[in-house]
Amino acid sequence: MSIKLRQLSYLLSLDEHGSFSRAATALHISQPALSRSIQGLEAQVGAALFLREGHGVVPTDLGRVLIE
């Protein structure tokens, strides 16, 4: 598994901002690009890293481990 530094920065921004749209704006990338990157990271680790809830996201237990 080869996790890229960019993916980790996206993970941290998503945790900080709590939504894909706000994190993408802060990162100056499109929301679909952020979503694809997080989906790729989730595929690499084999599990969801965030629970998608209505208008936001919260990290799963595994997501919290990676964030820490």
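## Salt bridge between Asp 15 and Arg 64

The side chains of Asp 15 and Arg 64 meet in a salt bridge, with an N to O distance of 3.2 Å; the term denotes a side-chain nitrogen of Lys or Arg within 4 Å of a carboxyl oxygen of Asp or Glu. Asp 15 lies in helix α1 and Arg 64 in helix α4 (residues 61-67), so the pair ties together parts that are 49 residues apart in sequence. Helices are DSSP runs of H or I with at least four residues, strands are runs of E with at least two, and both are numbered from the N terminus.

This is a predicted model, in which local features need pLDDT of at least 70 and side-chain atom pairs count only at pLDDT 80 or more, while totals for chains, interfaces and linings use all residues. Residues are numbered from 1 along each chain as its sequence is written, and side-chain values use heavy atoms, with hydrogens and water left out.

## Network and accessibility

Asp 15, Arg 64 and Glu 68 are linked in a network of salt bridges. Relative accessible area is classed as buried under 20%, exposed over 50% and partly exposed in between (1.4 Å probe, protein chains only). Asp 15 is partly exposed at 25%, as is Arg 64 at 34%, whereas Glu 68 is exposed at 72%.

## Salt bridge between Glu 42 and Arg 52

The count of salt bridges comes to three. One of them joins Glu 42 to Arg 52, with the closest N and O atoms 3.0 Å apart. Glu 42 belongs to helix α3 and Arg 52 to strand β1 (residues 50-53), so this pair ties together parts that are ten residues apart in sequence. Glu 42 is buried, with a relative accessible area of 11%, while Arg 52 is partly exposed at 42%.

Two packed helices are described by the angle between their axes and the distance between the axes. The axes are lines fitted to C-alpha atoms, for helices over the stretch in contact, and angles run from 0 to 180 degrees between N-to-C directions. Angles under 35 degrees count as roughly parallel, over 145 as roughly antiparallel, 65 to 115 as roughly perpendicular and the rest as oblique.

The axes of α2 (residues 20-27) and α3 (residues 31-45) come within 8 Å and cross at roughly 105 degrees; the two helices are therefore roughly perpendicular to each other. In α2, Phe 20, Ser 21, Ala 23, Ala 24 and Leu 27 meet Gln 31, Leu 34, Ser 35 and Ile 38 of α3, where contact means heavy atoms within 4.5 Å.

Helix α1 (residues 5-17) and α2 have axes that come within 8 Å and cross at roughly 125 degrees, which makes α1 oblique to α2. Their contact is made by Tyr 10, Ser 13, Leu 14 and His 17 of α1 with Phe 20, Arg 22, Ala 23, Ala 26 and Leu 27 of α2.

Against α3, α1 packs at an angle of about 110 degrees, with the axes 10 Å apart; α1 is therefore roughly perpendicular to α3. Gln 7, Tyr 10, Leu 11 and Leu 14 of α1 make this contact with Leu 34, Ser 37, Ile 38, Gly 40, Leu 41 and Gln 44 of α3.
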